[in-house]
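Hi everyone, thanks for making time this morning.

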Amino acid sequence: MLMAGGTIGALGALTVATPARANSLWTWSPKGSVAGTGAGADPKWVWDEEADPLVASLIDRGDVPKVNELLKTWTKNGQTLPAGLPADLRDFMERARQLPSWTDQDKLAKAFEFNQKRGLYLGVTYGFASGMMSTAIPHEARAVYYSKGGADMRDRITKTAKLGYDIGTEKAFQPDGEMIVTCVKTRLAHAGVRHLLPKSAYWTKAADEKTPISQADMMVTWHSLPTTVMKQLTKWKVQIPDDESAAFLHSWQLAAHMLGIKDEYIPKSWDEANSQAAQVLDPILAPTTEGIKLADMLLNLAAFVDGGILTKHILGALTRYVLGDEIAGWLKIPREPVWDPVFENLWPPFVAVREGILDITKAPKELREFYWVFDEIIRQGVLLILSGANYPISIQIPMTNNPNY
């Protein structure tokens, strides 16, 4: 039971997201962004003006197989780009890999300290508060389901989980780190989906947009990650110093920039992030046929442990505990009379022990051992779910949509 507790922590957040409803008006001011200024254009009508035409050209002229093969060898931020890349792609990637002038290396070092101390919480929240939430975001669920990644969810999850892993490493944005590489490759993959998905008859029939993954879409995904995670940690009464909180935000601000989100849409503070999320994320959460199917796929990813006899029920209960009854109901996750109370009753004191709020040093040996096991097994669960992955993980430009649809 405990071994399955953290498996969804490896799921990360699916990388395609949904814009605000068509009848909503964009009112968030660029004065609240890291840029401090901007045109103020509604982000649901803004895409990636650099990457989109480039990748469309790569696909149409048949260069993608060669490019994907070459990019397998590009793994470190400071590494020279592979020889043989098309000149226009090389020029774009050299620009795209540059960190913005507002990068703060001291904050990035502090962010690593935060990730070290809060790794267990982050594994659970990235998976259940972010990853499972993605299946309740209509445009995201449909885009994932009908794009190439929907045909192999284990492969898709390991690639998207790489983003959450890389950002938590010690030198994520430094030359020997991998976060910049992961972001640039993901940006190229997003551009590929924008070009291909409108060609899918299945997606166009289900979708209420003509082009997926707008800047608004990407900000919804972004808010399902750091903004949602920080809200969850606050709810659990995890004590986070102000400098660590600011550093964690900064690491994700950089990630947004490197993924191609315009600086005028990236919130400069948690207050601004919460304000923007209230407009673009909260109102659009809803169930879809595709999202329900994806949620079921995700909850079954750990079935190789026990054939789904226990794992699916346990992971479903943890999803309900983190996301609440409404979203669990949308995803048709059944109530678990045994496992729902386990998380409701055990998770709060477990966090309290880790945070030093609850002292169990004088508790019975069996109880002390239980908390240690609960902590360690959740950590190992993340590695367990990835054990079926193909390594090294290589994010690629898609050449097709989901062949099953």
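Let's begin with the aromatic rings. This is a predicted model, and a search of the whole structure finds 12 aromatic pairs in it. One of them is formed by Y126 and W252, and its geometry is edge-to-face, with 6.1 Å centre to centre and 65° between the planes. Y126 belongs to helix α5, residues 119-131, while W252 sits in helix α11, so the pair ties together parts that are 126 residues apart in sequence. Are these two residues buried or exposed? Both Y126 and W252 are buried. The ring pairs also give us a cluster, which links Y145, Y146, Y202 and Y405. Keep the two tyrosines Y145 and Y146 in mind, please, as they come back in a moment.

While we are at helix α5, have a look at T125, which is in that helix too. T125 has 0% relative accessibility, so it counts as buried. What does T125 touch, leaving aside its neighbours within four places in sequence? The contacts are S130, V229, Q232, L233 and W236.

Now to helix α6, which covers residues 138-146 and is mostly covered itself: nine of its nine residues are buried.

My next stop is a glutamate, E264, in the loop between α11 and α12 (270-280). E264 is buried yet has no salt bridge. The nearest side chain of opposite charge is K262, and that one is 6.2 Å away. So what does the side chain of E264 reach? It reaches the backbone nitrogen of A39, at 3.3 Å. Not counting residues up to four places away in sequence, E264 touches W28, P30, S33, A35, T37, G38, A39, G40 and A41.

K237 has a phi near 65°, a positive value in a residue other than glycine. You will find K237 in the loop between α10 and α11 (242-258), and it is exposed, with a relative accessible area of 59%. K332 also has a positive phi, about 60°, although it is not a glycine. K332 is in the loop between α16 (325-330) and α17 (339-354), and its relative accessible area is 61%, which makes it exposed.

Let me finish with the chain as a whole. How many helices and strands does it have? The protein chain has 18 helices and zero strands. Of its 405 residues, 57% are buried. Among contacts between residues at least 6 apart in sequence, 78% join residues at least 24 apart. As for the surface, the chain exposes about 16900 Å², and carbon and sulfur atoms supply 55% of that.

Terms used
Residues numbered from 1 in each chain as written. Predicted model: local features only at pLDDT ≥ 70, side-chain atom pairs only at ≥ 80, totals over all residues. Heavy atoms only, no water. Buried < 20%, exposed > 50% of the residue type's maximum accessible area, 1.4 Å probe, protein only. Helix = DSSP H or I, 4+ residues; strand = E, 2+ residues; numbered from the N terminus. Lys, Arg positive; Asp, Glu negative; His and termini not counted. Salt bridge = Lys/Arg side-chain N within 4 Å of Asp/Glu carboxyl O. Polar contact = N/O pair within 3.5 Å; in protein donor to acceptor, adjacent residues only side chain to side chain. Contact = heavy atoms within 4.5 Å. Areas by Shrake-Rupley, 256 points an atom, 1.4 Å probe, with all protein chains shown as cover. Phe/Tyr/Trp six-rings, centres within 6.5 Å; stacked < 30°, edge-to-face > 60°.
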